[in-house]
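Colleague: I am new to reading models like this one. Could we go through it together by question and answer?

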Amino acid sequence: MSLLNSFIKQSPWIYHVHAGGCLGCDIEIVALMSPRYDLERLGVKFVASPRCADILLVTGPVPLHTKPFLERVYAQTPEPKRVIAVGACGCSCGIFIDNENYSIAGPVEKIIPVDVKIPGCPPKPETIIDGILKVMRKFDS
Amino acid sequence: MSKPHLNLIIREIKADTLGEEVSDLLEKGARMIYTSGVDMGVRGIQVNYYFCFDHHEPSQHTILRTYLDRKNPVIHSVTPVTSQADWSERELIEFLGITVEGHPNPTHLWLPLDWKEIYTGEKPVAHPDTERINTAPPVKPLKDNIVTLPLTTIPYGPYHPAFIESNYLKMSVEDEVVRKADLKLGFNHRGIIKLMERRDYYKDLFLAERVCGICNTHHSLSFAMSVEDLAAVEVPQKAQMARTLLCEMERIQSHLLSIGLIGDLTGFRTMLMHAIRIREEMQDCLEVVSGQRVTHGLIALGGIRRDITENQTDFILSKLKIMKKSVPQFFDQCQSNDVLMGRLKDVGILKRENALKSGAIGPVARGSGLRIDVRKNSPFAAYEDVDWDIVTENGCDCLARIKVKMRETLMSMHICEQCCDKIKIAPSSLAAKVNELPCGETISRSEAPRGELLYHVVSNGTNTPAFVRIRVPTFINARIMLELIHGCWLADVPAIISSVDPCYSCTDRVTIFKGKEQSIVDMRSLGGRR
């Protein structure tokens, strides 16, 4: 496992899960691939399927409707895997937290284990890069 | 600058004369915007039908209102009269339990797939402390209520590489032709409208901003406009100009992203990269003005929160100068690519009369030659004081819709320049004070990048609104997108989706039917690969 971990540390593949956010974080994740921030220069690649991903990047407060799908995406991701919760919603449900909110199942932490949280509404691309670098260090332990 | 007064007529009618009244208004040239339902307690369920008259009578709006019995809420469907009411009535069925008689397709659109188990309590919900993390896959796959033909079924989503957002599109395909397509929404349903009723007006402004991250200024602006209308507050000139500037800057970044996504979905990833590269200039401007790249929080009730200084306007003007070179260059490069043009031309044709009939709005309507734009039809902010015109194209296909977006981007840059100049010389007052909100109700409309946005705010004199109803542009356009997908080639579907540019986060703020020859296919779509 340690050999695999060292490979992942050099080039993690990321799957972006949109779990009911307002798109703010998701736009910043698109901006991560842009020529200005260019995450691929760090060896990070966004993949189209959770089955070949190492890191899940989850945004949003996880509505009830999305909960079973998020669970299934997590189950489909092969070990070793790490999860990043992006944005205030991903960390704590943010503005949507309320006793009477009938449609929120989240935050992400309540449904799948989270390794790194990136706060901000939405976090700047630099912050997301920092979070991804932090989760890469977590593959050691 | 006097804003033309919003002319709102509310007419209470009997439920059984509804069909005649609606067709009467439609004959007069009205367009049905939305249908909303509110549970008003002892008075019964209030159902509102919103109409506007576009360019026939500017700033004129009509609401037809009827009350239904709470014990037995039954209403006759107006969908056979006009398809513009289709999704709104499905929303009534779903969220208020109203029986809509004569609706052609009364299936659920927004509720979770296992809603029956969740809401009737058949399935015990795990206690958050005892069973905190459940990572096991579901024992039996969830069934959706999308009816498919006995043909090959191709699912798109809920998580599909082609979508940034989660939504679920299912198509029945015969050879290469899509015979039937249906959409399942609700993956982003966060109950925002309900939360708004629980929080005060100042907090609602931020909630409105988080309906959608791309058009957040328009959402908070529409909410602020309706509250200002309720409080009868005159917004200062500088604030009006700053709002116009913000809206147009947002339109530029949104249109550039959507043009880039068209390239991405049709197989030109370089086009997306160039679009984002140019868009970053606009994001810098927005960051300088508001301190945030995406959610700006600059709109306040009665005006704007922070001043836009001369240094900031100079920065915007310098960035616009760069963009005036790079944006037309990028658009020329896109349009000189024969392969891209070939993929978009004569694809997804929405004829002018069809667009009119189905109530298309935004770039979709303008790509079919309709002069529908709230900025002209019912002017808000300072759009009357700047020089601009509605952009229309007569191609009616995907290419025309994209050309509308391209030309609108250039037009927005032109408006931004004028706003920057006018902000410098405007009097320095930033916000009028909103003191007290009397009982009353109002609607406000604004033109978001994807089309018309409607807010209906009702005040009961307290610090929280009695109710808020939101109609977002994708609500109408996504249904038109499904109509366009019917009968087209499978390979054209991404082009059509991206040209309509649906935003499901907006739309989701808010009985299984089984035919004889039709079957329900299990949801095996997860992690679909391109």
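Colleague: Why does B:Val434 count as partly exposed?

Modeller: This is a predicted model, in which local features need pLDDT of at least 70 and side-chain atom pairs count only at pLDDT 80 or more, while totals for chains, interfaces and linings use all residues. Residues are numbered from 1 along each chain as its sequence is written, and chains are lettered from A and ligands numbered from 1 in the order in which they are written. A residue is buried if 20 or more other C-beta atoms, placed from the backbone, lie within 10 Å of its own, exposed if 12 or fewer, and partly exposed in between. B:Val434 counts as partly exposed because its C-beta neighbours inside 10 Å number 19.

Colleague: Where is B:Val434 found, and which residues is B:Val434 in contact with, leaving aside its neighbours within four places in sequence?

Modeller: B:Val434 is in the loop between helix H14 (398-425) and strand E12 (440-448) of chain B; helices (H or I, at least four residues) and strands (E, at least two) are DSSP runs, numbered from the N terminus. Two residues are in contact if their C-beta atoms, placed from the backbone, lie within 7 Å. Leaving aside neighbours within four places in sequence, the contacts of B:Val434 are B:Val227, B:Glu228, B:Ala231, B:Val233, B:Leu301 and B:Gly302.

Colleague: What separation do the C-alpha atoms of B:Val434 and B:Val233 have?

Modeller: B:Val434 and B:Val233 are 201 residues apart along the chain. Their C-alpha atoms are separated by 6.8 Å.

Colleague: How many residues of H6(B) are buried?

Modeller: Helix H6 of chain B covers residues 216-231 and reaches 23 Å from its first C-alpha to its last. That is close to the 22 Å expected at 1.5 Å a residue, where the expected span is 1.5 Å times one less than the number of residues. H6(B) is followed by B:Ala232, with a positive phi near 55°. The helix is mostly covered, and the buried count out of its 16 residues is 15.

Colleague: Which residue just after H15(B) takes a positive phi?

Modeller: Helix H15 (residues 473-485) of chain B has its end C-alpha atoms 18 Å apart, which agrees with the 18 Å that its 13 residues should span. H15(B) is mostly covered, with 11 of its 13 residues buried, including B:Phe475 and B:Leu484. Just after H15(B), a positive phi of about 85° is taken by B:Gly487.

Colleague: Which strand gives the most to the side of domain 1 of chain B that touches domain 2 of chain B?

Modeller: Chain B is divided into domain 1 (1-106) and domain 2 (192-477), with bounds from an automatic or database domain assignment. The contact takes 19 residues from domain 1 of chain B and 21 residues from domain 2 of chain B. On the side of domain 1 of chain B that touches domain 2 of chain B, the strand that gives the most, with 6 residues, is E2 (residues 31-39) of chain B.
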